[in-house]
Amino acid sequence: MELDKYDQALLNGEYGETKQKMMEILLALGKIYEAEKFIEVKSVQVSGASFKTIGDAGLSWLNTLSGKAVVPSFLNPIGMPRDEWQNLGIPDDFAKKQLEVNAAYARLGIRLTCTCTPYYFNIIERGDHLAWSESSAVSYVNSVLGARTNREGGPSALAAALTGKTPYYGLHIVKNRVPQIDFHIDDPAATKSWTNAHYGALGIIAGAISGNRIPFFTDIRPNRDMLKSLGAAMAASGAVALYHVNEITPETRFPFFKKHIEEDDREVVEIEVAEIEELFGSLEADVIALGCPHLSEEELEELASLLENRRVVMPFYIFAAEELRAKHPDLCNKILSSGAKIVPDTCMVVSPLMDKAGVVMTNSGKAFTYLPGMCKATPLLGTLEECVRAGCGE
Ligand code: F3S
């Protein structure tokens, strides 16, 4: 690989032992993927933040590291809220370990944003090179914002944070971003009434078929929240890090992509509206969990309006970034008066909160996919409105 003076100095240990090790990780990755060089990244998002997922081995490794991030670097959801975990029944021994994980990341200069939606609070521009690792966030910045990142693992993202570099391969290179599989819907008119949950259901099906290929959709007109649901679910049921929706996602408007869209041979798959509808179940839930990925402002508003003058009759958890909660106290108060809980910093999958939940109803295709394996919960898929109705016993 071609190395510049800074890369070489990092490898020589001139910036300390940790950064030397981090550069060795990146170099090994670059060699595996035959990258010709390293590039600078504008920001990093680091996963492996919950003690539930990294355990003692991950925590010990973090504690061996030193040095500071050299680019803005955001932490993924952790296993509990930073401040109010005592009120949520989080076990003390788990909380103690999680606080140690937080301290380790803070020491390394990683911002404790604790969200999978840092793109709501930071400017990400088309063409920016990033090193992000949470799969739904990777999908969103690549597909909806037109930035460029591979789906990094926790260690390679941390290495990028501490060095500001990543190997130039995969989705950083424009020619690797063209569609590889086409999806059609048998009844496009039916999609006009689809909600975020329907796009999550579409993502469950399309992701499983796509694997790690780049899907291209026609026939659908999703808004940004729907795109978020679609991408998150495809990243969970498959390994989709980038997808395109004709004339909706930014890269489909550029001549280079248009040419490939029109000329390349690709597998074509038709998905039936009936298959999407079959994924929706009854309203018989024990717990409601919303906010996977973390809520947008629009979703928070919609939820506040649905819960106004209602009372929840079962545990009702809403996951959102602390930054969003702090920005909208009035909306949050409306939600809290219904008895629902807004839980910042963590998520339904990486926190122990859902571990004994039983039947969990959600509007997220990603959560629907992960809840059985990660939390031993039985998932139910419903629209936001159905989740509210079920949670209020209606
Ligand atoms: Fe975010 Fe957790 Fe869902 S990280 S995308 S809320 S599984």
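In the predicted model, the largest nonpolar core comprises 57 residues, of which Val44, Leu62, Ile110 and Met354 touch the most other members. The greatest contribution to this core comes from helix α6 (residues 154-163), which supplies six residues. Domain 1 (5-172) and domain 3 (287-391) each provide at least three residues to the core. A second, separate core contains 45 residues, including Phe74, Ala197, Leu202 and Ile248.

Apart from neighbours within four places in sequence, Val44 is in contact with Val71, Pro72, Ser73, Phe74, Ala131, Trp132, Ala157, Ala160 and Ala161. Phe74, one of these contacts, is itself listed in the second core.

Ser73, another contact of Val44, belongs to strand β3 (residues 73-75). The relative accessible area of Ser73 is 1%, so the residue is buried, the limit for this class being under 20%. A polar atom of the Ser73 side chain lies 2.8 Å from the backbone oxygen of Val71. With residues up to four places away in sequence left out, Ser73 touches Val44, Ile110, Arg111 and Ala161. Val44 and Ile110 are also among the core members that touch the most others.

The domain assignment divides the chain into domain 1 (5-172), domain 2 (178-278) and domain 3 (287-391). The centres of domain 1 and domain 3, taken over C-alpha atoms, are separated by 26 Å. Contacts between these two domains involve 25 residues of domain 1 and 26 residues of domain 3.

The ligand is surrounded by Pro77, Cys116, Glu134, Ser136, Gly291, Cys292, Pro293, Cys347, Val349 and Lys366. Classified by side chain, this shell consists of six nonpolar, two polar and two charged residues. The ligand lies between domain 1 (5-172) and domain 3 (287-391), because both give residues to the shell.

Two members of the shell, Cys292 and Pro293, are joined by a cis peptide bond with omega near -5°. Pro293 is located in the loop between β10 (287-290) and α11 (297-307).

Positive phi angles occur at two aspartates. Asp219 is not a glycine, yet its phi is positive, at about 75°. Asp219 is placed in the loop between β7 (215-217) and α8 (224-237). With a relative accessibility of 28%, Asp219 is classed as partly exposed. Asp345 also has a positive phi of about 75° without being a glycine. The loop that holds Asp345 runs between β12 (341-344) and β13 (359-362). Asp345 has a relative accessibility of 3% and therefore counts as buried.

Further loop positions were considered. Thr249 is situated in the loop between β8 (244-245) and α9 (255-263). The relative accessibility of Thr249 is 1%, so this residue is buried. A polar atom of the Thr249 side chain lies 2.9 Å from the backbone nitrogen of Val245. Beyond residues up to four places away in sequence, Thr249 touches Ser143, Leu227, Tyr243 and His244.

Phe280 is found in the loop between α10 (273-278) and β10. The relative accessible area of Phe280 is 17%, and the residue therefore counts as buried, under the 20% limit. Excluding residues up to four places away in sequence, Phe280 touches Ala197, His198, Ala201, Leu381, Gly382, Thr383 and Glu386. Ala197, one of these contacts, is a member of the second core. The C-alpha atoms of Phe280 and Ile204 are 12 Å apart in space, and the two residues are 76 residues apart in sequence.

Lys97 is part of helix α4 (residues 92-107). Its relative accessibility of 26% makes Lys97 partly exposed. Lys97 is in contact with Phe51, Asp56 and Leu59, when neighbours within four places in sequence are left aside.

Conventions: Residues numbered from 1 in each chain as written. Predicted model: local features only at pLDDT ≥ 70, side-chain atom pairs only at ≥ 80, totals over all residues. Heavy atoms only, no water. Near = heavy atom within 4 Å. Nonpolar A, V, L, I, M, F, W, Y, C, P; charged D, E, K, R; others polar. Domains from an automatic or database assignment. Helix = DSSP H or I, 4+ residues; strand = E, 2+ residues; numbered from the N terminus. Buried < 20%, exposed > 50% of the residue type's maximum accessible area, 1.4 Å probe, protein only. Polar contact = N/O pair within 3.5 Å; in protein donor to acceptor, adjacent residues only side chain to side chain. Contact = heavy atoms within 4.5 Å. Core = buried A, V, L, I, M, F, W, Y, C linked by side-chain atoms within 4.5 Å.
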